Amino acid sequence: MNINRDTWHRLVPKNATFGLPCPACANGKLKLDTTGVNIVEPKHSIDYRDDQSWEPDNVVERWSARLVCDEAPCGEIVHLIGDIETVEVDIDDGDGQTYWGAREDVLRVRAAFPAPPLFRMSKNVPSRVRRELDLAFRLYWADTSACVARLRTAVEALLDHQKVPTERLIKNGPNKSKMKRMDLYERIKAFTAGAAHEGQLDGLRNIGNLGTHGGEDVNDEDLFDALEVLQFALTGIYDTKSINAKAAKLQSKKAGD
Ligand SMILES: [Zn+2]
């Protein structure tokens, strides 16, 4: 399933109602609490307004907001925090034409806790993989490269759970042999070579490759692609059995049952 990338903006208008997925239940959406967004300006910023060199861009503001899950029996609470950023405004005249408007302040999300899941995973996914992904979901708001690095760690955890070796034996002659540590790429190759769902697992290599190109080059599109690949692979590895069982159950049903 594709991730709805529009849900995951780190910059949001001040009047946003949000709508991030709930970290605690399967279907809930997080909506802004009635207390609204709380924006405050620290003293150092207020004092600086008296300085001759002060300009409107120098204003520093912090905000916080409480989101509540809209599924009444759940009621999970997530706190968002961040600062204010000024952006260019495009005004839509309703006929498909846009023109430049004045600049406007928007909210930059710096952290969310507990972190909304970038994708939902089944209970069959092992706890260590889930833990790494939860950290990745937290890092999403702070640092794209760190988030991708955490996805790689989740892939390592997945390979550990699948009992893929971390070392192999190298022989350089009849009496010369030594152990060699395997990198992520080698481990994924070893795993996919013996796996029944090679097609589904193939994309995992992309996440490995992404990291080897260096963290600085990773952008949000890469990150979302990696997330979708990982979600697909996790479903293939951990949910195929239960999906097949459901399919078999459906097949065994006769018309009129
Ligand atoms: Zn919920």
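This is a predicted model: local features need pLDDT of at least 70, side-chain atom pairs count only at pLDDT 80 or more; totals for chains, interfaces and linings use all residues.
Next, select helix α1, which spans residues 43-48 and contains Ser45. Is Ser45 buried or exposed? Its relative accessibility is 2%, so Ser45 counts as buried. Now display the surroundings of Ser45. Apart from neighbours within four places in sequence, Ser45 is in contact with Asn58, Val59 and Val60. For Val60, attention may be given to the backbone nitrogen, which lies 3.0 Å from a polar atom of the Ser45 side chain.

Then turn to the sheet. Six strands form an open sheet in the order β1-β8-β5-β4-β3-β2, and their pairing is antiparallel. At its edges are β1 (11-13) and β2 (18-21), each of which pairs on one side only. Ignoring direction, neighbouring strands of this sheet are turned by 40 degrees against each other on average.

Finally, select β1 together with β8 (residues 104-113). These two strands run antiparallel and are joined by 3 bridges. Which residue of β8 is the bridge partner of Val12? Displaying Val12 and Leu107 together gives the answer, as Leu107 is that partner. In general, the strands of a sheet pair through backbone hydrogen bonds, in either a parallel or an antiparallel manner.

Methods: Residues are numbered from 1 along each chain as its sequence is written. Side-chain values use heavy atoms; hydrogens and water are left out. Helices (H or I, at least four residues) and strands (E, at least two) are DSSP runs, numbered from the N terminus. Buried means under 20% relative accessible area, exposed over 50%, partly exposed in between (1.4 Å probe, protein chains only). A polar contact is a pair of N or O atoms within 3.5 Å; within protein, one must be able to donate a hydrogen and the other to accept it, and residues adjacent in sequence count only if both atoms are side-chain atoms. Contact means heavy atoms within 4.5 Å. Two strands pair if DSSP finds at least two bridges between them. Axes are lines fitted to C-alpha atoms, for helices over the stretch in contact, and angles run from 0 to 180 degrees between N-to-C directions.
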